[in-house]
Amino acid sequence: MTHQDKKISRRFAMQCFAGVGGSFVLGFNLPVQAASYMPQPKVFADEINAFIEISTDNIVTIRVPHTEQGQGGMTSVCQLIAEELDVPWDNVRGVFADMNRQVNQDDDGDGKADLPFVSTFTAGSFLVRRQHPHLCAAGASARERLKQAAAEAWGVSRDTVTAKQGHLMSGSHMGSYGDFAVAAAGVTLAEEPKIKAYKDWWLMGTDVARMDVPEKVNGSAQYCIDVELDNMVYVAVKACPVPWGKLVSYDKTGVEARPGILGVVEFRATDGKRKVDHHQDAVAVVADSWYRAKTALDLITIKWDALEWGDVSDASYEAEARRLWDVEGELSVDELGDARAVIAGADSSKVVDGEYSRPFETHARMEPINATVWVQNGRVDIWSPMQNQATPITVVADELGMSTKTLHTNSVFLGGSFGGNGGGNTAVTRQAAAISKQFGRPAKVIWSREEDIAHDKQRPSHYIRLKASLGANGLPEAYVSNAVWFPYAAAARVGPANADATIKDMPYVIANRRHEKHDYDSHVPAATHRGPGVNANTFISEQFVDQMAIAGGWDPLDWRIEMSKDHKDSEPWQRVLKKVKEVCGFTTDLPKGTGMGLAMAKDHGTFAASVATVSVSKRGNLFVENISLVINAGYIINPRACIEQLNGAVHWETSHAITGGLQLKGGQFVNTNFDSYNLLRMKDSIPVDCHFANSEDQWWGGMGEPGGPPAPASIANAIYFATGKRVPSTPILSHDLSWS
């Protein structure tokens, strides 16, 4: 199957194209009735759309406006539409949608894009969770139009026509969807159909193989880094290693005379422009191969100025965090009584405290940051690995000072994204556009792995101090926390990430509670990082939960069941925890050197618990034997894909927690390749088993991220039971885990 889009009409109205061999090409602009199937967030009438083509041989081509970054997005979109359309899965083909139409189509002439595909945003575990109403509605509308076309041809009422598995029937009449595709394109329904209830699903909720697997197995799958064009130039780039530092000078003597070198170019940051995709000061070499460009770049002597950030380090940030812990921060939670006074008046033997931190982390995607842009007369083509397929058009239009009308993004597979709008949400796409315009040829910019890690958009570092006092029953009666984090330019948010995640919204009811936070200016550009906010803070908050439970004489699982029973989300949490009790065999009674740990977190609408089993040798060698996940996502549409996502999320987050951790010194990151930024290797993979405890009561959670955040905390809690040692920070293996 191919994922190359076909040429289609610019006008996105329901119509029949006589020139496409009798295909049924449908554009949908459905009424707001679908919103009732998605309690959060609300869908507005002008935000519902999809695109389906049905050929005379009954093949259904679905135009997918979302990225395929390894998460199975293309398959999910097709599955949602095919469920309502009721067509054999083997007949479904997925292709990427045309983003130029998304950005520029203006059928009503009001000067604003009509957004024919509603949303091209593919992040935050939102694709199925947020887009399912209008995607399902597109399939339902197509089905009813086909039924109406058949009814008119047969002279019967639409109510008598059934549509099932690509065929239409009424009495003795029978035909395929393809037979009525042309006529159906001209049908207007008086009222759009409702989408199915969960109990009526036939395709969703079943295992479906991902569409992209064959191409990825046989090597034919195309990624941004695979783009090759005639007359292409290749570009290697080196920016100031201190983000937003200055380029003072560079000596390129002899470099331009080397074979294949076409030129040396400098990029300059624009004053006042500090978004994640804006230029920073950098030097680039343009050549006829990337190897020649990179080799020449390494020979250039460059002088940088770190400006005021030359003394910034992990140590300076930790010192600042400790200072701010004693300063009243922005109040995020202040429930009922005076938590600080209650703790101050408690017996010291009843007070529990903890100090925890997480360092900066990078995405380190398998596909290095890269982009290709081809500026031609009257047309610009873009290949950029962004999580929103439409964004490269607006970024390049801004860079070149052009209208978006003649800009086209070519959607291909992404070699991982994990937040921050993918690798394209850096200056790389602007760099490629600028080089292509200057040299008049297609330009491919590839960042070395060192450049990739140094100038990725990082997960901010976090430092949190917590304190609680226990009542006579061993349960907390007061809880105070103070969080300090270091996002870029004191951003109150980095996507959905913030210093409050999992602490402000903890699943436990404590009568007296106060949470404060400090947003500290950092020069390090930041962005979302799979499970943002929740990933960093769950490691902290769920270890402190265990501290409170143990200090109060409670079993950690029973503590969580008791403390969440009166929470506003009690039903989904109790469902998860009771499933943990049923399937995970959680116990704290294991021989020394072996431990089980529990942690839980809500992320992107999904409730997740992780139980880790570890063994630690007396010398401190850690082995994670198993992780069991229990997930409540409301509904799932593809169990196989969900298990794949959960496994990926666990390995993503545990990899950063066990061996990761960026090291900031002199304003720059100093461990910028896999020999020093140590992520888990394949040999270190962890067995993960997944269990579902879905509520199935009209709410939908995400699946791409929620499995990750509780996993490191469960490992840390297991380490405590194995060794008696707490793990106050990551990477976990930076601590002495030995015991006697």
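The conversation below takes up charged pairs, a sheet, a loop residue and the nonpolar cores in turn.

Guide: Please keep in mind throughout that this is a predicted model.

Visitor: Why is the pair Asp200 and Lys199 called a salt bridge?

Guide: The closest N and O atoms of Asp200 and Lys199 are 3.3 Å apart, and because the cut-off for a salt bridge is 4 Å between a side-chain nitrogen of Lys or Arg and a carboxyl oxygen of Asp or Glu, the pair qualifies. The structure holds 49 salt bridges.

Visitor: What makes Lys199 exposed but Asp200 partly exposed?

Guide: Lys199 has a relative accessibility of 68%, and exposed means over 50%, so Lys199 falls in that class. Asp200, with a relative accessible area of 40%, is partly exposed, because that class lies between 20% and 50%.

Visitor: How do you know that Lys252 and Glu256 belong to the partly exposed class as well?

Guide: The relative accessible area of Lys252 is 29% and the value for Glu256 is 40%, so each lies between the limits of 20% and 50%. Their side chains meet in a salt bridge, with 3.5 Å from N to O.

Visitor: What makes the salt bridge between Glu653 and Arg358 a tie between parts apart in sequence?

Guide: The closest N and O atoms of this pair are 3.6 Å apart. Glu653 belongs to helix α15 (residues 639-659), whereas Arg358 belongs to strand β15 (residues 351-358), so the pair ties together parts that are 295 residues apart in sequence. Both Glu653 and Arg358 are buried. Elsewhere, salt bridges with shared partners join Glu84, Arg143, Glu144, Lys147 and Arg158 into one network.

Visitor: Turning to the sheet, why are β11 and β18 said to stand at its edges?

Guide: The sheet is open and has 7 strands in the order β11-β12-β9-β19-β16-β17-β18, with mixed pairing. β11 (261-267) and β18 (407-409) each have a single partner strand, so one side of each is left without a neighbour in the sheet.

Visitor: How do you know that β9 and β19 count as paired?

Guide: Strands β9 (residues 233-239) and β19 (residues 443-446) share 3 bridges in the parallel sense, and because at least two bridges are required, they count as a pair. Within this pairing, Tyr234 stands opposite Lys444 in β19. Helix α6 (residues 290-299) packs on the sheet, where it touches β9, β11, β12 (282-287) and β19, and its direction makes about 30 degrees with that of β9.

Visitor: Why is Ser384 called buried?

Guide: Ser384 has a relative accessibility of 8%, and buried means under 20%, so the word applies. This residue is placed in the loop between β17 (379-383) and α9 (391-400).

Visitor: Finally, which residues have the most contacts inside the largest nonpolar core?

Guide: That core has 68 residues, and those with the most contacts inside it are Tyr479, Trp559, Val580, Val614, Ile627, Ile715 and Ile732. Strand β24 (residues 606-616) gives the most to this core, with 7 residues. Apart from it lies another core of 47 residues, among them Trp89, Trp154, Tyr177 and Val208.

Notes:
Residues numbered from 1 in each chain as written. Predicted model: local features only at pLDDT ≥ 70, side-chain atom pairs only at ≥ 80, totals over all residues. Heavy atoms only, no water. Buried < 20%, exposed > 50% of the residue type's maximum accessible area, 1.4 Å probe, protein only. Helix = DSSP H or I, 4+ residues; strand = E, 2+ residues; numbered from the N terminus. Contact = heavy atoms within 4.5 Å. Axes fitted to C-alpha atoms, helices over the stretch in contact; angles between N-to-C directions. Core = buried A, V, L, I, M, F, W, Y, C linked by side-chain atoms within 4.5 Å.
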